[in-house]
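Good morning, colleagues. Please have the sequence and the model open before you.

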Amino acid sequence: MMFAPRLTVDLGKIQHNAATLVDRLGKRGIFVTAVTKAALGSPEIVRAMLRGGVAELGDSRIENIEAMRNADIAAPMTLIRSPMLSQVDRVVASADVSLNSELGVIRRLSAVAKRAGRKHGVILMVELGDRREGLMPADVKAAVREILSLPNIDLKGLGTNLACLSGVSPDDANMGKLSVLVDEVERAFSIHLETVSGGNSANLIWAFKSENTGRINNLRLGESILLGREALNRQVVEGLHTDAITLVAEVIESKVKPTKPDGALAQTALGTYAAAKDRGNVSQSLLAIGVQDIDPAAMMPPAGTEIIGCSSDHLVLTSSIGNLDVGAEVTFQLGYSALLRAMTSPFVTKEFRPASVVAGLRKSA
Ligand SMILES: *Cc1c(COP(=O)(O)O)cnc(C)c1O
C-alpha cells in the first residue's frame, strides 16, 4: 500500500549527484560538505550522499545533527548556522564544528567544550556582500586573536555565505577577498587555516568556471546534490539528475468547470486576491495536498497540466490531456522551497528507491 502524498526518493540518483560534484570539484581542489537540512537529516539520504564520497555533513539545525548521530552516522558534522546560546551544550555534544559570527557564542562554546573535555571546531564567517551572517572583513583579525586564546576551540578556518538573502553572486572579486583575508590571517598569527568554505550551491558556476579559485577549498552543497540545480539561476548542473526527489499527490476530484469565478470577489484563503482569467470550461482536478505541505510556486507539474491555484489542503490542476481519474497519482518535480516544506510536513510520507523510476503521470489501478 502506497500512501499519498509522498516524496519518492531515488537514492541512486542522489549518490550520483553527490559523486559527480565531489569528482568535479575535487579536480579544482574543493571538497564537499553535504548539507542535509532539506532532507531533515534523513539517514537514508545522508548515507546515499556519503556513498557518493562527500567528505562531511552540514546542517543548520542541531535536531537534525542529533538525529544523524542517533542513526549511528559517524561522518564529521558541522552546524552551518551560528549556535543559539541556549543550544551550545547540544552543539558541543553532537557537532564537531560550527559556523560562527559572534565572539560571545564562541566564548560559550569554549567554556562548555572545556567542561565536557572536548574540542570544538570553529569556522569564522565573513560578510562579503550578501548581508546575512558574518563579521565585517575589517573585524576578522581581532576576532581571530581572541579565538586563538580560547581553550578547547580549534579555529578551522574562514567561511562566507552569499546569494541566500540578497542574491549576491559569488565571483572572483568576493571569493578573492576571502582568499586574501585567509593569507593575511595566516601571516599575522603564523597559523594554517585548513578550511576555506566559499559558500553553497550558488557558488558552482563560479567554482567550475573561475581561472583561479584561490584558497577556497570547501563548498557546502545541499540543493545541487538533492535537486541537481545551482542556486543562482536554478540552471541544471550538467550531468546531474533533477528528479532524484519527486512528489506524488492524489486526485480527489475531477470535473469540467468554468475558469471564471461566479460572484463578488474578495480575499482568498491565504489572504491574496486571485487573478480570475476567463478561459472557458476546463478539465480541472483537485489534489489532496496544499500549502501546509508544499510551495506551489516551486512545483513543476507534468506536461499538459498546469497549477492554477492552491489553498491549505487543495491544489488545483488543469489538464489539457484529458480528465484525470479520481485516485490517479500525479508526480511533480520540485524546487527547493517545495522540497523543504514537503520534507517537513508530517502529512507527506517518504518512499526510498534504490533504482530509477520514470517520473510523470500514473493512473490508479
Ligand atoms: C542552506 C545552507 C547551505 C546550502 O545551501 P544550498 O544552496 O542548498 O547548497 C550552505 N551554507 C549555509 C550557511 C546554509 O544555510
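**Spaces in the model, and the ligand**

Sorted by class, the lining of the largest cavity holds three nonpolar residues, three polar residues and one charged residue. Please bear in mind throughout that this is a predicted model. The residues in question are Ser60, Leu79, Arg81, Ser82, Pro83, Met84 and Gln87. What volume does the largest cavity have? The figure is about 30 Å³. The structure holds one cavity of 30 Å³ or more.

From the cavity I turn to the pockets. The largest pocket contains about 860 Å³ of space. Its lining is made up of 29 residues, and those nearest the centre of the pocket are Thr268, Ala274, Ala275, Ile308 and Gly309. Which strands supply at least two residues each to this lining? They are β10, covering 245-258, β11, covering 281-287, and β13, covering 305-310. The largest contribution to the lining of the largest pocket comes from β13, which gives five residues. In terms of class, the lining of the largest pocket comprises 17 nonpolar, eight polar and four charged residues.

The lining of the second largest pocket consists of 29 residues, with Lys37, Arg132, Asn161, Cys164 and Asn200 lying nearest its centre. The lining of the second largest pocket divides into twelve nonpolar, nine polar and eight charged residues.

Let me now look at the ligand itself. There are 13 residues around the ligand, and Lys37, Ser201, Arg220, Gly222 and Glu223 come nearest. The shell around the ligand has five charged, four polar and four nonpolar residues.

In Ser201, a polar side-chain atom is 2.5 Å from an oxygen atom of the ligand. In Gly222, a backbone N or O atom lies 2.8 Å from a ligand oxygen. For Glu223, a polar backbone atom is 2.8 Å from an oxygen atom of the ligand. How much of the accessible area that the ligand has on its own does the protein cover? On its own the ligand has 390 Å² of accessible area, and the protein covers 94% of it.

I close with two details of the backbone. The peptide bond joining Ala4 and Pro5 is cis, with an omega of about -5 degrees. Pro5 is placed in the segment before β1, the strand at 6-10. The other detail concerns Arg131, which is not a glycine and yet has a positive phi of about 65 degrees. Arg131 is found in the loop between β6, at 120-125, and α6, at 140-149.

Thank you for your attention.

Key
Residues are numbered from 1 along each chain as its sequence is written. This is a predicted model: local features need pLDDT of at least 70, side-chain atom pairs count only at pLDDT 80 or more; totals for chains, interfaces and linings use all residues. Side-chain values use heavy atoms; hydrogens and water are left out. A residue is near a molecule or strand if one of its heavy atoms lies within 4 Å of it. A polar contact is a pair of N or O atoms within 3.5 Å; within protein, one must be able to donate a hydrogen and the other to accept it, and residues adjacent in sequence count only if both atoms are side-chain atoms. Accessible areas come from the Shrake-Rupley method with a 1.4 Å probe; for residues, only the protein chains shown count as cover. Ala, Val, Leu, Ile, Met, Phe, Trp, Tyr, Cys and Pro count as nonpolar, Asp, Glu, Lys and Arg as charged, and the others, Gly among them, as polar. On a 1 Å grid over the protein atoms alone, a cavity is a set of points where a 1.4 Å probe fits but cannot get out, and a pocket is an open set with protein on both sides within 12 Å along at least five of seven lines; lining residues have an atom within 4 Å of a point. Grid points are joined across faces, edges and corners, and a volume is the space filled by probe spheres set on the points. Helices (H or I, at least four residues) and strands (E, at least two) are DSSP runs, numbered from the N terminus.
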